[in-house]
Amino acid sequence: MYYLTLEDGSTYAGTGFGAFKPVYGELVFTTSMTGYLESVTDPSYRGQILVFAFPTIANYPLNKGKMESTIPHVAGVVTKDAHARIPLGGFSDEISAFLGSAGVPGIDGIETRSLVRKIRERGSMRAWISQSDEKKDFSGDPFAEDLIYPTVTHSISEIRKSTSDKRILFINAGSKKSVMDNMADLANLTVVPYDMEVPDERYDAIFISNGPGNPESPYLQNVVKYVRTMIGETKIYGICLGQQIIALAYGAKTYKMHFGHRGSNHAVTDGKAVKITTHNHGFAVDKPSAEARGLKISEWDANDGTPEKLEDPKNMVRCVQYHPEASPGPHDTLGFFDMIRKELKA
Amino acid sequence: MPLNHELKKILLIGSGPVVIGQAAEFDYSGSQASLALREEGLVSVLLNPNPATIQTDRSIADRIYIEPISLDIIKMIIEKEGIDAVISSVGGQTALNAAMEMHRSGMFGPHLRLLGTSPEDIEKAENRTMFHELMKSINEPVPESFLLNAQSYVSSISEIQDKSYIVRTSFSLGGSGGIIVNNLDSLRTYCDEFFSENPLENLEVEQSIQGLIEVEYEMIRDSADNCISICNMENLDPMGVHTGESIVVTPSQTLSDHEIQMMRSAAIKIVRALHIIGACNIQFAIDVVSDKYYVVEVNPRTSRSSALASKATGYPIARISTKILLGYNLPEINNPLTKNTSASFEPSLDYITVKIPRWPFDKISSNRKIGVQMRSVGEVMGIGANFEEALMKAIASLDTTESRRLRLYKPRNDLLSLLREPNDLRIFAIFDALISGMTAIEISNLTGYQVYFIQKIQNIVNEIARISIGSIPENLQELKRLGVSDSIIAHFARLDEFDVVKYRLVSGLIPSYRVIDTCSAEFASSTPYLYSTYHGTDELPPSPKKNKVIVLGSGPNRISQGLEFDYGSVKATGALISAGFETIMVNSNPETVSTDFDFSNRLYFEPLTLEHVVNVIHKEGIPKIMIQFSGQTGQNMAMKIADLFGEEIFLGTSPSDIYRIEERTKFANAIGAAGLLQPPFAIVRNEIDAETVFERIRLPVIIRSSFIIGGRSMDIVYDLRDGIRRIKEILATYPEHPVLISEYLSNSVEMDVDFISNGSKFLICGISVHLEEAGTHSGDAISILGPSLISDETRKDLTKIVGVLVREFRLKGLSNLQVAANSTGIYIIELNARSSRSIPYVSKATGIDVVKEGIKMALGMNNPLLEAVEPRSYFCKIPIFPFKRFPESDVLLSPEMKSTGEGLGIGKTLDEALTKAFRIQNPSSNIGESCIVSVAEAYKPAILDVVKVLKQEAVTIFATPGTHAFLKQNGINSVLVFKIGDQRRPTIRDLLENQDIFAIINLPDRRGSTVADGFEIRRMALGRNVPVLTNIRSAKALISSLLKKPKIEAREIVSYY
């Protein structure tokens, strides 16, 4: 028997899978109905225990999914029915082995809808997955450590797959593979991890990737500073955490959301058109401070108005809070990459 | 863009009578559209000849035309009403076809707009060749296809690859006309046959993509080019089975995100290329091995699938897409379910739904194969927290013999063929096969179902295997968590369902109820649309109101229990709400208006079985319940509900009185004791009884059991041996219940009497007279309400009879009485203490809100009694039959109902009403120059009148040899025509091909071989849309009216009162 113990004192019992090891993290939920492999390998989920709102997970084999990283990054997984009843040869064996190899525990048989309702009301909570239902310590901040560190390669690398002669400085703050792949299609990339000095060279654009944790983390201070120096110097683009870093570079504020946006059905609008987008963010850019610092909010969430695209056209800065690379999710916003391609040519 | 203010009055075209492929789902989408118009302050003008619909009710539409859907009628309405625009996307293929016809005749322009997708784009979506060209131009893969015609098909076929192909005709409805040929030889044979019969037609031949996974997407696009996908649905049955015939799970279960998004992106590309405005359904076939997909089909309108998707996700597609037609864009519309989020989003589900079609094989004897043509008449949806629970709830909702016991108990060979060839029993064969030890992989190979689904079913089978005989299973909780119904548990444990239900209630093993909110609980939803599950916690306390009533819906659309009953339950919830009650609807039919969360205060989407109804009663703290509008479903469970919760919770006639009516022998004795007449009858308790009875009672006889056996509760028997066989069958199943045999009253007039009462006082709302003699099922008869159709004396007698029955059975609310009258008196055939099939028709013919007034009486409300209304016009209800879909079955009518729906022809004169009715039933038939007559010996004298009328109007009579000779003897000239087997020409087939035949009068002797003789004639006529009149009385009436060519006029319903 495994237990999911929440900050508010509640405990849920379920069947364990994956690693036999207790984990601690921030409990968040996604409403994506597919893409379980994409989600568990998404580096942005570092430090988080992920609840799948959709009740049946691992219905299709692992190899039909897309890896967003070579290993799972999520701290733990909470499922209702991870195809768990199938004794042998089921897909749950694969996901269990895969998570287990990376030390990630899962807990199955949990009433995930009730959990989602609780998170919706109480906000994201700290939680443990463990083999005991004893009292737990919730004092630690799951975002205190450097969550990005284990998700990136700690050296500067060049990716030359594109036929373009343009060069982009790709600041890797915990990038998903599909983000890097999409970028590598449109220009040659110099990939520099968030914690290394940027080579003093000329780039056609700077791109800041998605990644886990709090954008105001001390480990990102240098990136924020660097981006600030580059405003107006070259084109700047960013996705998710990238948008938050750009906003911070402008002197705008970010804030922690009640329970965040995680799913593949979020409508984003510019006041006229609507796109269905993938979201995975627990932090957001504070609207008034961004506008005060000269960032235009050109797209926002159709339901709660959260800034989803920021632009400073004069300085050629454009970034999105959502995930144009989708994976998982709809491909409505793949055009973001085409836009970068076009702007690089201009 | 906000609302287009140029629009004021909109014509909505409905889908007409319920047929296979077009049923209640268009009443739902049409009603939603009307209400959306009303919400925007526009006037809705509705055209639909289907009286059973709720959309033709004043509470939904502003102006109502119950008239045939044809160009001349539409023109009249547009002129009379001053219509600005037409909506054709909520009335199925019928409405779309009507709009296309309007377009071709140049009716649309600046003063009359077609809202939504343009006719040019509709044509691109509907015409296979154009559609394939469009798909190729945007690089979307389609199966290879060819167009064949009579001149060049031989050479064309020689050039194509030897694969399997689907052959269909264009503009098909519910997949009709599509067949699969497995190689070029069979294609050649098929073409030879088809083109010899239809030399002017074209055939579309398409590479078959059988065996691939079929997936559907429900899309919405607005005029600002915003596109969203409401949901995707995965068919369990692979390609080769029409999606309407397939078991369908929402959302898809075995597809990866990559596969889903690949098709979603394609769907968006397609709706953009077609410039769709509003709703659109797109079907794909995906080959997961090669990661390739094909675009199969597009429906540029709301469809059966969009109704299903609306109910499965909570996103009201028809309502939102109507707003889009009126000018709004998605971001300007609110999500009506959550009320606090935008309509521009894609629903996220945290539950699973399974749809299973409901087939009419219990009513129509035919082989049980299913395929690319639709044969099902309705569907059910189960909602659960996992696939197993959803599947089992869907199975429970089917309400068939198999749904209650799960197993077929077939030998291995039969099972193998049931698994291999698509048929209605396949899902049960999978259970049987797993129980008998076949592996999931083997079954997956045989059925083409994804192994995932079979493994899920294996989970259920594993739990069932732990049930031991004679006691409540120890794993009851596990069984319930897999959705296994109490009746199935009872079957395997050899207990009574009632005892399992009772045990659960007493031991507190009850489900919790969750809210359907479109968003996986991410946002709070204020709409109480609920489903039960044995997973998780209750999300909504019972409503605190004291005055609340559960209204039972009628479950899946099926022959004998269709849309008419949904009309009743929707009207009932409205009436109860206006009487100050809170209403709670229980139903499992995703197509209907009753399962629209807007129509009741609370909606429980649940199977209509004892178990689930009892659970809801329990959950809501034992409120009142109304079963009058659930057809036979509620009647069957009334006594058991009363045993648990008492008779006093029932509004309307009490369960014990219902029992005295439903139990055939008790009823026969009671009406005998009350001094009322009934046809000579006998009660049979064993075979020996039966033989003596047949010596006493004249054949033919009607045999009735108190229960439905083999799908039938009633049989008409012309032959002694058939009779004995049927009685044996009934007695073997229910040895403790006697069988009632009654004489068939020939030469009498049958009438339906619908009345409302409060246990002593009553009001007769309508007396409809059948055109056919007694013996044809009342649902299959042409029936008429109109002035002076019955004598004052008959009316007086009927009033007396109804009075006796009301007091004898303490009837409260709505009831329906069927009688047969002849010179010797009025005989009672049947009494139903519930709303009947004729209620919507009677309401629309009299203008009385029968349901509302009936409910007032049932509630004992002290309303001044209404006056009986004598109709001022003629209202002729005509049945619509599905025979074309069942080539093996005969078109002859019997006491077992066969029609799927009905149309209503209304006229100021009887001739106008009958002519309109005939047009509704036979839209493509014109009064031509000739008519074929072929009748059995016994009926020959009876046809003389009709033939004389035909002759007077200079109609050429073709007659088969016997009939020809008889007419000659009577001095009437006819042209001799031969039957197919006669080896002489001209044959009937020659005539059907070359002459303008407007009807065939075929009256076979019900005994012996002429039934078989006529069979071929009837099938052939049906294939060519030539009406076959098999009843002398209706033939006479219809033909004489048609020949008078009465003036046809379209009128708002009120001008008929």
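How many residues does the contact take from chain A, and how many from chain B? The legends below begin with that view. This is a predicted model, in which local features need pLDDT of at least 70 and side-chain atom pairs count only at pLDDT 80 or more, while totals for chains, interfaces and linings use all residues. Residues are numbered from 1 along each chain as its sequence is written, and chains are lettered from A and ligands numbered from 1 in the order in which they are written.

**View 1. Where chain A touches chain B.**
The contact takes 40 residues from chain A and 40 residues from chain B; two residues are in contact if their C-beta atoms, placed from the backbone, lie within 7 Å. On the side of chain A that touches chain B, the elements giving two or more residues are helix H3 (112-122), strand S13 (254-269) and strand S14 (274-285) of chain A. Helices (H or I, at least four residues) and strands (E, at least two) are DSSP runs, numbered from the N terminus. H3(A) gives the most to this side, with five residues. Sorted by class, this side of chain A has 15 nonpolar, 14 polar and 11 charged residues. Here Ala, Val, Leu, Ile, Met, Phe, Trp, Tyr, Cys and Pro count as nonpolar, Asp, Glu, Lys and Arg as charged, and the others, Gly among them, as polar.

**View 2. Helix H2 of chain B and its two sides.**
Look in helix H2 (residues 71-81) of chain B for its buried residues: B:Ile73, B:Ile74, B:Ile77 and B:Ile78. Seen down the axis of H2(B), they fall within an arc of 135°, so they line one face of the helix; the arc is that of the directions from the helix axis to the C-beta atoms. A residue is buried if 20 or more other C-beta atoms lie within 10 Å of its own, exposed if 12 or fewer, and partly exposed in between, with C-beta atoms placed from the backbone. The buried residues of H2(B) pack against strand S1 (9-13), strand S2 (43-47), strand S3 (63-65) and helix H3 (92-104) of chain B. On the other side of H2(B), B:Asp72 and B:Glu79 are exposed. Just after this helix, B:Gly82 takes a positive phi of about 65°.

**View 3. An open sheet in chain B.**
Follow the five strands in the order S36-S35-S34-S37-S38 (chain B), where the pairing is parallel; two strands pair if DSSP finds at least two bridges between them. Strand S36 (975-976) and strand S38 (1028-1029) of chain B stand at the edges with a single partner strand each, so one side of each is left without a neighbour in the sheet. Strand S37 (residues 997-1003) of chain B is joined to S38(B) by two bridges. B:Ile1000 has B:Val1028 in S38(B) as its bridge partner.

**View 4. Two cis peptide bonds in chain B.**
One cis peptide bond joins B:Thr250 and B:Pro251, with omega about -10°. B:Pro251 is found in the loop between strand S12 (248-250) and helix H8 (257-273) of chain B. Another joins B:Arg985 and B:Pro986, with omega about 0°.

**View 5. A:Ser327, a residue with positive phi.**
Phi of A:Ser327 is near 50°, a positive value in a residue other than glycine. Find A:Ser327 in the loop between strand S17 (317-320) and helix H8 (335-345) of chain A. Is A:Ser327 buried or exposed? A:Ser327 is buried, with 28 other C-beta atoms within 10 Å.
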